[in-house]
Amino acid sequence: QIMSGGVLVATPHQVRSHTPLEGAKPICRETFALFMEPQWDAAIGPPEGVGYDEVLKEEEVELIPPLSKRLKRTRDQSSVVFGQYLADSFQEYYKHNNSE
């Protein structure tokens, strides 16, 4: 979402196992997840000519911590360091999932 300038929007998702109806044949679900990420110290940001307003225009705010809370930058920054973004995301997810 960040690196595409908001063109590709991250989708909140959750995988659940299948529970067959009584008498129904059980179904096996096989999943192959592929996650790619940049180097820890890589600078990430929207493409040239695209602002953060475009990246954040359709951000999810209820199911997951808003991207705007995890993507911490100053006004003069055009990018953020991936490792810091990841650490900030972990912190925001912890707060989001453990709020009272």
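Residues are classed by relative accessible area: buried means under 20%, exposed over 50%, and partly exposed in between, with a 1.4 Å probe and protein chains only. The model is predicted, and local features need pLDDT of at least 70, side-chain atom pairs pLDDT 80 or more, while totals for chains, interfaces and linings use all residues. Numbering starts from 1 along each chain as its sequence is written, and side-chain values use heavy atoms, without hydrogens and water.

L34 is exposed because its relative accessibility is 62%. L34 sits in the segment before strand 1 (43–44). With F32 and M36, L34 forms a nonpolar patch on the surface. Together the three residues have about 470 Å² of accessible area.

M36 also belongs to the lining of the largest pocket. This pocket has a volume of about 1,000 Å³. Its lining holds 28 residues, and Q1, A10, F35, M36 and Y85 lie nearest the centre. Helix 2 (67–70) and helix 3 (82–97) are the elements that give two or more residues to this lining. Helix 3 gives the largest share, five residues. By class, the lining has 18 nonpolar, five polar and five charged residues.

P65 lies in the loop between helix 1 (52–56) and helix 2. P65 has a relative accessible area of 1%, so it counts as buried. The C-alpha atoms of P65 and E92 are separated by 6.2 Å. Along the chain, P65 and E92 are 27 residues apart.

Note on methods
On a 1 Å grid over the protein atoms alone, a cavity is a set of points where a 1.4 Å probe fits but cannot get out, and a pocket is an open set with protein on both sides within 12 Å along at least five of seven lines; lining residues have an atom within 4 Å of a point. Grid points are joined across faces, edges and corners, and a volume is the space filled by probe spheres set on the points. Helices (H or I, at least four residues) and strands (E, at least two) are DSSP runs, numbered from the N terminus. Ala, Val, Leu, Ile, Met, Phe, Trp, Tyr, Cys and Pro count as nonpolar, Asp, Glu, Lys and Arg as charged, and the others, Gly among them, as polar. Patches are made of residues with over 30% relative accessible area and no salt bridge: like charges are joined within 9 Å, nonpolar side chains (Val, Leu, Ile, Met, Phe, Trp, Tyr) within 5 Å. Accessible areas come from the Shrake-Rupley method with a 1.4 Å probe; for residues, only the protein chains shown count as cover. A salt bridge is a side-chain nitrogen of Lys or Arg within 4 Å of a carboxyl oxygen of Asp or Glu.
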